[in-house]
Amino acid sequence: MSDLDLVLPDLLAESAALDDRVAGLPDSDWAIPTPSIGWTLAHQIAHLHWTDRLAELAIADPDAFVQQLSEAAGDPAGIVDRAAGEGAQLPPPELLQRWRAGRAALADRLAAVPAGTKLAWFGPPMSPASMATARLMETWAHGLDVADALGQQVEPTQRLRHIARLAVRTRDFAFAVHGRPAPTEQFRVELTAPDGSRWDFGPDDAEQRVSGPALDLCLLATQRRNRADLRLQASGPDAEAWLHLAQAFAGLPGAGRPARSAGTAP
């Protein structure tokens, strides 16, 4: 079974979980503000739909995607906000239907990409499995914003393994976007999965180490919770620095979220 075969069903499941959260809401609730400043529930879904369409474009017409990338380079944050704002103006039923159709089309495109193909994206080119993982990460993170806005809890699932692995793999990227050299040594990352099992990354004998709940690393790397609110432990200065820089999403350094209550988990 390929990496894509493993992650694509989980992407579909994560999308369906968020769909269930918003599908029954009255239209007025789509205007509820979320923790992303200036973004409502509608902005969150519109952003996911826009990014799904761009990912599909990167597969179907790479030249057209590169043109879009060039246009976004001058104002990357602005184009994201504008796209979300435009999508948020749609009637909620229409926006929901467009998101459903778009994510289904993207899943079909990803499944048909030949093995070994690299897809252009906002960061380095990526494999179809990495693209699906990035879409799962964004869906989970923006879904968490939706749940927070509604005062609801999101139960962690084993799907977080994909996001945790992405967080570890983007360590050097997180240092780079902050203008800092990446550590020369590998880290050992030991995480407690939602089902109580262990997910380990990196060599056993690494001096720089991070441990804690997998959920907390996912929250940190998607910048949905502040470092002070998470139960992550670091051993070594480079590992500690990473926990203040972690960023699993492409683009400029994120602003992060303010601490809720220092030293406690969400």
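**Helix, sheet and cavity**

Author: Helix 7 (residues 160-169) lies across strand 1 and strand 2, at about 25° to strand 2. This is a predicted model, where local features need pLDDT of at least 70, side-chain atom pairs count only at pLDDT 80 or more, and totals for chains, interfaces and linings use all residues. Residues are numbered from 1 along each chain as its sequence is written, and side-chain values use heavy atoms, without hydrogens and water.

Reader: Why are strand 1 and strand 2 called paired?

Author: Pairing needs at least two DSSP bridges. Strand 1 (residues 188-192) and strand 2 have four, in the antiparallel sense, so they count as paired.

Reader: What makes strand 2 an edge strand?

Author: The open sheet has four strands in the order 2-1-3-4, with mixed pairing. Strand 2 (198-201) pairs on one side only, and strand 4 (233-235) does likewise.

Reader: Which residues line the largest cavity?

Author: Lining residues have an atom within 4 Å of a cavity point. Among them are Leu-11, Asp-52, Trp-99 and Arg-135. Helix 5 gives the most, with four residues.

Reader: What is the make-up of that lining by class?

Author: Five residues are nonpolar, two polar and three charged. Asp, Glu, Lys and Arg count as charged, and Asp-52, Arg-103 and Arg-135 are in the lining.

Notes: 1 Å grid on protein atoms, 1.4 Å probe; cavity = no way out; pocket = protein on both sides within 12 Å on 5 of 7 lines; lining within 4 Å. Helix = DSSP H or I, 4+ residues; strand = E, 2+ residues; numbered from the N terminus. Contact = heavy atoms within 4.5 Å. Axes fitted to C-alpha atoms, helices over the stretch in contact; angles between N-to-C directions.
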